[in-house]
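Student: Could you take me through one interface of this model in close detail?

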There are 4 protein chains.
Amino acid sequence: MTASVAILGASGYTGAELVRLIATHPGLRITALSADRKAGMEMADVFPFLRHLTLPKLVKIDEIDFSGIDLCFCALPHATTQAVIKELPRSLKIVDLSADFRLRDVAEYEKWYGQPHAAPDLQKEAVYGLTEFYRDDIRKGRLIAGTGCNAATGQYALRPLIAGGVIDLDDILIDLKAGVSGAGRSLKENLLHAELSGGTHSYSAGGKHRHLGEFDQEFSKIAGRPVLVQFTPHLLPMNRGILATTYVRGDAKAVHATLAAAYADEPFLRVLPFGALPSTRDIAGSNFCHIGVIGDRIAGRAVVIAVLDNLTKGSSGQAIQNANLILGLGETDGLMLAPVFP
Amino acid sequence: MTASVAILGASGYTGAELVRLIATHPGLRITALSADRKAGMEMADVFPFLRHLTLPKLVKIDEIDFSGIDLCFCALPHATTQAVIKELPRSLKIVDLSADFRLRDVAEYEKWYGQPHAAPDLQKEAVYGLTEFYRDDIRKGRLIAGTGCNAATGQYALRPLIAGGVIDLDDILIDLKAGVSGAGRSLKENLLHAELSGGTHSYSAGGKHRHLGEFDQEFSKIAGRPVLVQFTPHLLPMNRGILATTYVRGDAKAVHATLAAAYADEPFLRVLPFGALPSTRDIAGSNFCHIGVIGDRIAGRAVVIAVLDNLTKGSSGQAIQNANLILGLGETDGLMLAPVFP
Amino acid sequence: MTASVAILGASGYTGAELVRLIATHPGLRITALSADRKAGMEMADVFPFLRHLTLPKLVKIDEIDFSGIDLCFCALPHATTQAVIKELPRSLKIVDLSADFRLRDVAEYEKWYGQPHAAPDLQKEAVYGLTEFYRDDIRKGRLIAGTGCNAATGQYALRPLIAGGVIDLDDILIDLKAGVSGAGRSLKENLLHAELSGGTHSYSAGGKHRHLGEFDQEFSKIAGRPVLVQFTPHLLPMNRGILATTYVRGDAKAVHATLAAAYADEPFLRVLPFGALPSTRDIAGSNFCHIGVIGDRIAGRAVVIAVLDNLTKGSSGQAIQNANLILGLGETDGLMLAPVFP
Amino acid sequence: MTASVAILGASGYTGAELVRLIATHPGLRITALSADRKAGMEMADVFPFLRHLTLPKLVKIDEIDFSGIDLCFCALPHATTQAVIKELPRSLKIVDLSADFRLRDVAEYEKWYGQPHAAPDLQKEAVYGLTEFYRDDIRKGRLIAGTGCNAATGQYALRPLIAGGVIDLDDILIDLKAGVSGAGRSLKENLLHAELSGGTHSYSAGGKHRHLGEFDQEFSKIAGRPVLVQFTPHLLPMNRGILATTYVRGDAKAVHATLAAAYADEPFLRVLPFGALPSTRDIAGSNFCHIGVIGDRIAGRAVVIAVLDNLTKGSSGQAIQNANLILGLGETDGLMLAPVFP
């Protein structure tokens, strides 16, 4: 069986990454591609690296006939997404890559995104898309809300630790280093090669980054009480990859054992031997997440470092993993591509 | 059918690239991996990006039992290769990635590589591995000599033009821009990130680059008379990719038409519309080669620009393409991976 | 004596580079800075790397009182510049960094820039600003038209050769590799770090680059007959630097000797020993230009490679060198800063 | 007055950076340059970016006549340095850039550097070279031990806070991002461009980085009791620059006010307005250090981010600043070079 899929918002990086991954996926076939401002163009003109593929022309969303489509990937900007999804056929399965349905409490959405939620009813049926922790709900779901790329990285490092009670819930700090493709194809001075290459800076520091909404929601749910983490992201001169350095209080060996046990059977999550720490180079272009743990010279402190590719495991790979589940395909289908190094 | 393969010299970049590509190849299974100085190590310790794969441990070549192995990829340094291949079982099919068997005339080998050829008998049976032009010979071959990455790029731009008689044979110039992975994992000051990033320089200029031996051999053979090209490579701060800017005398439209016709049915070679020129970004990580042609304001001159990934189409992807042919597999099997962008 | 200078267009890279260089210049003092859209802002907010300097606030041009100003650097976009300079006081010395007054023949300007010249009278008094070749005119000039960065690089490689009659005038080819700061602070997708880093492509190929107008004008003037060169620029993932690989027909030793003799007393132009070739890394951040010459294996061909920093010797450093001459200061004043490596 | 200086270990990055800075320093003249393995070579052959300077040839240390030399910069590897300095004339002023004399307690040296200290007597007279905090001692000193680049960055962020009692001494965490030139010109696989570019990883994590010895020594001294910080460095694909993200407990406004007051008159240390955070791009190539402070959404927590150029303020610029003091020159002489951007 080959499922027929549409990609809405195919002219951005996550849309193109979906196409890249589906190109060698045995069970998915792209039937429609939308891009608002670039409607009428060939995908190969927007992304020449996809030139070898035979793909439908980019169209506007309302030009798509959804009748034969099994699943729709939504790679649109947040806010836009709510309005678009409301108008899609109810029979369509949807894997959303935007932020629009990640926060179950619409008040939280309004707080972090600065505007009221436009589709609170849809929000109710949305399933949070961090695959390894919501597998059963995703299999049964209709609308999957993909996890934010930073939020995914931090959660892979921390969820089993919070669930397992092996760390102090009031002293969790995430210092994150992110590659620039996470900012999308937006035209901003600080994203120019001349400005970004060869340097680094923090952004959204001081508790202002929107992915904190996801951390708060998920960590508090696991703990059964409010958990607030401290979170500082930094932008690095690299295209793909996130490295989250996570500082926790707890026994480092117990921290490692808890993570190793939690992820022992996960196809994409790899816990390194105790003391070994990961590099973003080793997961670039792939759906893998590597996690390392080390203790500190100060007893009772541990550092957990998780790396993943923001475009793959952090968004489009994750989306396909969820689509595989919804569609009854093998969870790893099309996603075992090795990282690209060097 | 799954063929069993060995990779000799698995601790270098081309060895690792073979493993990366074979990881999702439907018809190949890695049975043995050798690395002289790193014998005894796990591949995941030498290349952590391959951690998700179950691979044989690195061993010395003489520890390998070749009895069940169908084909051997040789990714060893030049000169070493000749000695090694001489000792391998005659029944083994071999795809060599080194320079050792590329030059049919052993005197040419000695001229360009500075030492006598150690296996002139083997040289006689070697087939030059530029797949698209030696397909039938490769299918019937036992020992395939992979084309040099720069030599492949230049030949894709020029062979049909020389064969078609549409350009002046005495005025061909190749200005080439190469990514740093082509230099391998060698420890040299000028390959350090601190030295290489953010700048460029030429190397082996003035007609000294060894791949000129391949250009001379192939172009002269096609033309039926000596053809000498001028060739200046430059090293760029990028990891993967070669861009060959090829300057020829001839009618640009005829040049374009000749290339388009020659490659119309080639799965990996894509000739862009006349006037469109390629970027290395659009082929990185893939086995594709993009070629563009433009005329100059000076009548009778044309520029042909070809791009490919030196580690894939320029060496390891090419090697697998040739292995597919020798083994009777589909030529594109395992090689349709999309480029990785951004 | 300290001369008082204004910089019009201070919010671009060449404007900022002027400020950087003037910061340690013993004879220049910045009295006014203009930036149209950023008027009212502090320079430190537009370019935080200049935070340590005490600078005038950015204003609109018509807010500047030019009465006490000795010299005005014009770092505005082309076309805009003509209109602005027409309105400046006649008593003001002007060093223009734009393309607006480089082409003596206004018909050539219209041909290359696609619009009629708006100040043909001013054009008549403009002096072409390639310092080493127009020194006396610059000293006596009022309006200096700075050379284009690519045009400067190519001219340093070729002018003495054309003048000296040591090369074939009908067979000159410039393959140029340029860093991205030459494209300015403009917001374009292909200048984003995610798109540009790690790859290369040609641009304005086929005889369409505007700096060809300068090559045509200058080389034809020197030769006393039309000289048309072939020119292909490429964009590289580096911030600063241009490397021009120049292919000529002539005796390589004579080519080297001619360049070495021509530049023997030049403070900023360095001809390397025969056979040594330069790297952009070795001039980044400085006003130096390094030039190397090598012969080819094909007799009668030579390669001349010139490197300079497009923002320094290619524009703002060159502008200050010219300003030094006009103002009667030492030509190298403030410009002997060493390159920054690594 | 121009002081005559020697640089021992001129073939490394910090040696070359000393030469770069001294090239435009009004009060220093280089009389001797040593490099063990490269003795006999011209500096321009080791570092072609210094080609425009007239410099003494590289020699072995014992070939140097120290009689006319006022001050000696020592840019040698640690351990080597102790042996070398012991043999230098007692009359010579020495600014050491190595780690050999930074730790006052030789037991601490042995603990962090894994070998006994070879010159404990010299250690006694060494002055710790963090200029802004040891100015008077440096002025009177003979042997200055330059601060480690990471250690300097962290101390600029934290010293006034520890001294001022505005932060919790038991909860200080430094997450540091370092450019690759800090690793020197050493030939290691992970420093190759192909391996390092486009990715990031931590190193010496878990309390093992040697600069912790300096943090322990200095912070405990200020506090009058043991202060142990947690410290995780990361290697980034950038050549110059360190960004230290420092997490403290305390009132963010008080933290900012304390730093602003402490550095109000410092020529090289710039505290940004509250809430503004620095970028390494804005100090690259200069002796400036920018510091920003922001509060967190969790009350009582503050983030202090300091950036400096590891080769300049972090080592060679700092060394010249100290040399200026010892020699009675102006402290900022030769060091007001603006950063280089982009």
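Tutor: Here is a walk along the contact between chain A and chain D. This is a predicted model, where local features need pLDDT of at least 70, side-chain atom pairs count only at pLDDT 80 or more, and totals for chains, interfaces and linings use all residues. Residues are numbered from 1 along each chain as its sequence is written, chains are lettered from A in the order in which they are written, and side-chain values use heavy atoms, with hydrogens and water left out.

Chain A puts 50 residues into the contact and chain D puts in 50 residues, contact being heavy atoms within 4.5 Å. About 3,900 Å² gets buried between chain A and chain D, with carbon and sulfur atoms giving 51% of it; that is the accessible area (1.4 Å probe) that two parts lose on being put together, summed over both. On chain A's side, Gln230(A), Arg281(A) and Arg297(A) lose the most area to chain D, together 20% of what that side buries.

Now the charges: there are six salt bridges between chain A and chain D, each a side-chain nitrogen of Lys or Arg within 4 Å of a carboxyl oxygen of Asp or Glu. In one salt bridge, Asp216(A) meets Arg297(D) at 2.7 Å, N to O. As for composition, the side of chain A that touches chain D splits into 23 nonpolar, 14 polar and 13 charged residues, where Ala, Val, Leu, Ile, Met, Phe, Trp, Tyr, Cys and Pro count as nonpolar, Asp, Glu, Lys and Arg as charged, and the others, Gly among them, as polar.
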